[in-house]
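Subject: Model handover and notes

Hi,

Here is the model you asked about. Please load it before reading on.

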Amino acid sequence: MNFLPPELDHYCRDHSGSESDLLHDLFRETFQKVLQPRMLSGRFQGRFLSMISKMISPSYILEIGTYTGYSALCLAEGLKPGGKLVTIDKNEELEDIVMKYVGKAGLSDRVEMKIGNALEIIPGLDGSPDLVFLDADKINYLNYYELLIPIVKSGSYILADNVLWSGKVVEPVNPKDKDTIELLKFNRFVQDDDRVENVLLPIRDGLTLIRKK
């Protein structure tokens, strides 16, 4: 996932903000107890998510793909007073660890976790998110996007993670590699969508920042 030379990557990390003790504990517990800990956002990307959220100061954040909750806690740092974050994940086995750390962060009344298929849950959500973080199954990125664009207001933002997919988006495509094929479709669709402005950032595994016009 790292596209910079190691010495530059370390320099960037060394000159970016630190994570809280709580986030560090969550990071360690994820690596100790949960499969595929590589999916966790981590300190560098987490500080970027926190900064973006603080810049936008959203009242309502929607996250699609919770994993162990690290990114949700980072995003919640920018919530307006009285704001809320709704996070959706299909893996009910991770709910306990997510909500444990949400509670430790004092956010139990502001963060809601929904378990299930996001494609079915999104149409039933109330309100219009100011900020969306998309970090779920890559094969459905375009489907999520098509559901989200009609419900977010002008001036709202969507962040899509893993859009470089370990560099596979610029390699010869294996017809059996459905995730890469769908990410290529998603990236092209967003680039050609005149409803939005977008910039693809080479942060960790690639983040596209999308603003609805």
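This is a predicted model: local features need pLDDT of at least 70, side-chain atom pairs count only at pLDDT 80 or more; totals for chains, interfaces and linings use all residues.

Residues are numbered from 1 along each chain as its sequence is written, and side-chain values use heavy atoms, with hydrogens and water left out.

Helices (H or I, at least four residues) and strands (E, at least two) are DSSP runs, numbered from the N terminus. Start with strand E7, residues 207-212. Five of its six residues are buried, where buried means under 20% relative accessible area, exposed over 50%, and partly exposed in between (1.4 Å probe, protein chains only).

Strands count as paired if DSSP finds at least two bridges between them. E7 runs antiparallel to strand E5 (residues 157-161), with five bridges joining them. Ile-158 stands opposite Ile-210 of E7. Strand E6 (residues 196-201) also pairs with E7, antiparallel, over six bridges. There, Val-196 has Lys-212 as its bridge partner. The E6-E7 hairpin has five residues between the strands, and Arg-204 in it takes a positive phi near 50°.

Thr-208 sits in E7. It is buried, at a relative accessible area of 5%. Leaving aside neighbours within four places in sequence, its contacts (heavy atoms within 4.5 Å) include Ile-158, Leu-159 and Ala-160, and also Asn-198, Val-199 and Leu-200.

**Helix H8**

H8 covers residues 178-192. Its 15 residues should span 21 Å at 1.5 Å a residue, and the end C-alpha atoms are 21 Å apart, which agrees. The expected span is 1.5 Å times one less than the number of residues.

Which residues of H8 are buried? They are Thr-180, Glu-182, Leu-183, Phe-186, Asn-187 and Val-190. Seen down the helix axis, the buried residues fall within an arc of 165°, so they line one face of H8. That arc is taken over the directions from the helix axis to the C-beta atoms. The buried residues pack against helix H7 (141-148), E5, E6 and E7.

**Largest pocket**

The largest pocket has a volume of about 1000 Å³. Its lining counts 41 residues. Nearest its centre lie Gln-36, Met-39, Asp-135, Ala-136 and Asp-137. The elements that give two or more residues to the lining are helix H4 (70-76), strand E2 (84-89) and helix H6 (118-121).

For your own grid work: on a 1 Å grid over the protein atoms alone, a pocket is an open set of points where a 1.4 Å probe fits, with protein on both sides within 12 Å along at least five of seven lines; lining residues have an atom within 4 Å of a point. Points are joined across faces, edges and corners, and the volume is the space filled by probe spheres set on them.

**Loop residues**

Tyr-67 lies in the loop between strand E1 (60-64) and H4. It is not a glycine, yet has a positive phi of about 55°. Tyr-67 is buried, with a relative accessible area of 10%.

Ser-166 is in the loop between E5 and H8. Its phi is also positive, about 55°, and it is not a glycine. Ser-166 is partly exposed, at 30% relative accessible area.

Asp-126 belongs to the loop between H6 and strand E4 (131-134). It is exposed, at 62%. Beyond residues up to four places away in sequence, Asp-126 touches Tyr-60 and Lys-84.

Best wishes
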